[in-house]
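Please work through each task before reading its solution.

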Amino acid sequence: MTSIKQPGEKNLMLFSGRAHPELAEEVAEHVGVSLTPTKLIDFANGEIYARYLESVRGCDAFVIQSHTGPINKWIMEQLIMVDALKRASAKRITAVMPFFGYARQDKKGRGREPITARLMADMFKTAGADRLMSIDLHTSQIQGFFDGPVDHLFAMPVLERYLKGRLDLDNTTVVSPDTGRVRLSERWADTLGTPLAFIHKRRDLDVANSVKVSEVVGTVRGRTCVLIDDMIDTAGTICKAADALYEQGATNVVVAATHAVFSDPAVDRLKNSRISEVVVTNTLPLSQESRFDKLTVLSIAPLIARAITEVFQDGSVTSLFEGDT
């Protein structure tokens, strides 16, 4: 079954790009439909061609694509898929991007810089998307860049359920790796009932992915520390934060992050670090070479499937979370 029909000819259809088909298949299984057959090919010069092999007229379409590497190719593929749906008379189009590409470029830090996260929102609107759905945006303000509904989902419940069964919460401190993650870390600390600490860091604005850790603020000595972040890219921030925590007397450091970007040399850094466990979700595909002994990958598919179902049935996405979405 590739669609769900309700009275009034309401019709849900799921579509997947080629970036992370395993996640899309899992989402489809939880929703209870099959992915709609789609022809996606590359021409010799690199251009992407998309065509749906079933009628999509009047459907409620959800196009799933994770913005993994090569990131520009997969973003373009999703835009083309959205455009094809618009021109084939889909009734409503939701672009589901578990990881929102260019989310870190959400403001101008200095003159003559772009705000590429806004450009992304504009491109999807122009292509024909009526709604966006993403998980743990780098900053919540990105929701305001899109002229339409944005479902900002949180991986926190998925990660928390796993960690609650493995930690002694009486001896645990939630740690934000920088001041920008303090609000997220506060929600974690409130839910787990643990103290909160944060690490003050400075970046070299002229060198990408260069971080200098200054000091730890909060009680971490003799405690297990859970470092919270939205993504791990080169792992420079996380590894330096873990070193700072151990220097301040932490007995154990666990990392919980939503998006495992794992750009080189992230895997080597994490494998050789003093971090005891790295817990991530499968918003992005991970090759076998990117997996290591202390890595735990949790599925985000049930969360995405529930959100898609709520949107389709005109329910409440906010009801998926007990906090503020």
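**Exercise 1.** State which residues UniProt lists for "binding site".

*Solution.* The unreviewed UniProt entry lists Arg203, Asp229, Asp233, Thr234, Ala235, Gly236 and Thr237; positions follow the numbering used here, feature names are shortened, and annotations may be inferred rather than shown by experiment. The model is predicted: local features need pLDDT of at least 70, side-chain atom pairs count only at pLDDT 80 or more, and totals for chains, interfaces and linings use all residues. Residues are numbered from 1 along each chain as its sequence is written, and side-chain values use heavy atoms, without hydrogens and water.

**Exercise 2.** Locate aspartate 229 and determine whether it is buried or exposed.

*Solution.* Step 1: aspartate 229 belongs to strand E12 (residues 224-232), where strands (E, at least two residues) and helices (H or I, at least four) are DSSP runs numbered from the N terminus. Step 2: aspartate 229 is buried because its relative accessibility is 8% (buried: under 20% relative accessible area; exposed: over 50%; partly exposed in between; 1.4 Å probe, protein chains only).

**Exercise 3.** Identify the side chain with which the side chain of aspartate 233 makes a polar contact.

*Solution.* Step 1: aspartate 233 lies in the loop between E12 and helix H6 (236-247). Step 2: with a relative accessible area of 12%, aspartate 233 is buried. Step 3: its side chain makes a polar contact with that of arginine 104, at 2.8 Å (a pair of N or O atoms within 3.5 Å; within protein, one must be able to donate a hydrogen and the other to accept it, and residues adjacent in sequence count only if both atoms are side-chain atoms).
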